[in-house]
Amino acid sequence: MSCSIIGFGKIGQALAHAFARKNIEVTVASRRPPEALAPQARAIGPEVVAKSLQEALAADTIILAVPFAEHREVANALPNWEGKTIIDATNTFGVPPEELDGLPSSAFAAKAFTGAKLVKGFNHLVAATLAADPIVEVGHRVVFLSADDEDAVAPVAALARQLGFAPVKLGKLNEGGALVHARGRVWGQLIFQDLFKKEQ
Ligand SMILES: NC(=O)c1ccc[n+]([C@@H]2O[C@H](COP(=O)([O-])OP(=O)(O)OC[C@H]3O[C@@H](n4cnc5c(N)ncnc54)[C@H](OP(=O)(O)O)[C@@H]3O)[C@@H](O)[C@H]2O)c1
């Protein structure tokens, strides 16, 4: 599995730390050229490699860590998303539900990535918490995963485990997944819940 993080701000860097901690290579990209991201990438670890957006989109698993409104711009960068998995780490706090056609934000975003599988995950913690080592004395930090395509979740859960997290599957986006979505100005009940699981 090859992985990229699109967006190298607070969440992108937090996740890059998680990859570096486990010596797993990850590509990072944003609208800026790779040379602009390279010093910060190198500071996190040699596994974190800054590339152009187009090069980063060659990965089969792509973590979306951009402001929600930018998802379309990222989606437009490839004509076809067949065979790719998007991990949607974005949140839409404050966005009126009418602007999302009444859909959960990730279901709305999924429409732009035609042909891709989309899993919502790694979005429920503040960046500083997500950046910290997920393995602590009491167990492994929980990340919630939800998707309308059940087959898409297993490989993302495996990746989360490799990174040291304990994945918890919530089911479909508009069912359990609603617990980790912002709707209008209301956060889902599991957002910001920093939980740990004893056994993976
Ligand atoms: N901050 C948190 O604690 C937190 C927690 C959970 C979830 N989230 C969600 O995670 C997402 C990212 O938040 P953040 O706090 O990391 O934001 P941020 O610090 O502002 O970083 C956003 C990143 O996205 C890049 N970007 C923007 N538009 C882009 C585009 N069209 N194509 C490629 N890259 C683009 C920006 O870089 P360039 O300007 O160089 O393109 C920047 O690296 C948001 O959806 C947010 O709701 C944030």
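F192 lies in the loop between β11 (186-187) and β12 (196-197); helices (H or I, at least four residues) and strands (E, at least two) are DSSP runs, numbered from the N terminus. This is a predicted model, in which local features need pLDDT of at least 70, side-chain atom pairs count only at pLDDT 80 or more, and totals for chains, interfaces and linings use all residues. Residues are numbered from 1 along each chain as its sequence is written, and side-chain values use heavy atoms, with hydrogens and water left out.

Most residues other than glycine have a negative phi. F192, however, has a positive phi, near 70°. D101 also has a positive value, near 55°, and is placed in the loop between β5 (85-88) and α5 (105-110). The table sets out both residues; buried means under 20% relative accessible area, exposed over 50%, and partly exposed in between (1.4 Å probe, protein chains only).

| Residue | Phi | Relative accessible area |
|---|---|---|
| D101 | near 55° | 51%, exposed |
| F192 | near 70° | 43%, partly exposed |

The protein chain as a whole has seven helices and twelve strands. Its radius of gyration, taken over C-alpha atoms, is 16 Å, close to the 16 Å that the globule rule gives for 200 residues, so the chain is as compact as a globular protein of that length. That rule is 2.2 Å times the number of residues to the power 0.38. The C-alpha atoms fill a box of roughly 45 × 40 × 30 Å along the principal axes.

Of the 200 residues, 53% are buried. Contact means heavy atoms within 4.5 Å. Among contacts between residues at least 6 apart in sequence, 68% join residues at least 24 apart.

What lies inside? A nonpolar core is a set of buried Ala, Val, Leu, Ile, Met, Phe, Trp, Tyr and Cys residues joined through side-chain atoms within 4.5 Å. The largest such core has 39 residues, and I5, F19, V48 and F122 have the most contacts inside it. Elements giving two or more residues to this core include β1 (3-6), α2 (34-44) and α7 (150-162). The helix α1 gives the most, with seven residues. Leaving aside residues up to four places away in sequence, V48 touches F8, A16, A20, V26, V28 and A41. A second, separate core has 16 residues, among them I6, A56, I62 and V66.
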